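Subject: Structure handover

Hello,

Please find the structure below. My notes on what was found follow after it.

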Amino acid sequence: MIEREKLTMLKALIGETSLSDDALLVYLAIAGDEVLRRCYPYAADTQQYEVPERYDTIQIRLARNEYYKRGAEGQSSMSDNGVSRVYESDDVLLRRIVPYAHVPGVVADETT
């Protein structure tokens, strides 16, 4: 899925927003980095990789979660004027990602 398609899905999930497309793309990039660090835990640099297609929806949901936590960074819950919120941990989504591994010296792609 290309970034514009991911952006369209993210906008559909969060609804009306005053944020620009560029700002939402930043959320997608940060979420993509989280996915890649989970996919390739031993890679020194994950910039050479793209988010595997099967994890696109996880990337979008992570971006949505970060958008909803704006202003409440670092909090797992909050209460204000009688309204209580509890935020879902991103670990619930990240546990669905299976890390890639390979035998040193053997060239393989993610399908093998």
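The side chain of Asp56 reaches the backbone nitrogen of Met1 at 3.3 Å. That is a polar contact, a pair of N or O atoms within 3.5 Å; within protein, one must be able to donate a hydrogen and the other to accept it, and residues adjacent in sequence count only if both atoms are side-chain atoms.

Two notes on the source: this is a predicted model, in which local features need pLDDT of at least 70, side-chain atom pairs count only at pLDDT 80 or more, and totals for chains, interfaces and linings use all residues. Residues are numbered from 1 along each chain as its sequence is written, and side-chain values use heavy atoms, with hydrogens and water left out.

Asp56 belongs to helix 3, residues 56–68 (helices are DSSP runs of H or I with at least four residues, numbered from the N terminus). Asp56 is buried, because its relative accessible area is 2% (buried means under 20%, with a 1.4 Å probe and protein chains only). Not counting residues up to four places away in sequence, Asp56 touches Met1, Lys6 and Val51 (contact means heavy atoms within 4.5 Å). Glu3 lies 53 residues from Asp56 along the chain, and their C-alpha atoms are separated by 9.8 Å.

Asn65 is also in helix 3. Its relative accessibility is 8%, so Asn65 counts as buried. The side chains of Asn65 and Arg64 are joined by a polar contact of 3.0 Å. Leaving aside neighbours within four places in sequence, Asn65 is in contact with Glu88, Asp90 and Leu93.

How do the other helices pack on helix 3? Helix 1, residues 3–14, packs against helix 3 at an angle of about 45°, with the axes 10 Å apart (axes are lines fitted to C-alpha atoms over the stretch in contact, and angles run from 0 to 180 degrees between N-to-C directions). Helix 1 is therefore oblique to helix 3 (angles under 35 degrees count as roughly parallel, over 145 as roughly antiparallel, 65 to 115 as roughly perpendicular and the rest as oblique). Among the residues making this contact are Lys6 and Leu10 of helix 1 and Asp56 and Arg64 of helix 3.

Helix 2, residues 21–39, packs against helix 3 at about 120°, with the axes 8 Å apart. That angle makes helix 2 oblique to helix 3. Residues that meet here include Leu24 and Tyr27 in helix 2, and Ile58 and Gln59 in helix 3.

Regards

How values were computed: Helix = DSSP H or I, 4+ residues; strand = E, 2+ residues; numbered from the N terminus. Buried < 20%, exposed > 50% of the residue type's maximum accessible area, 1.4 Å probe, protein only.
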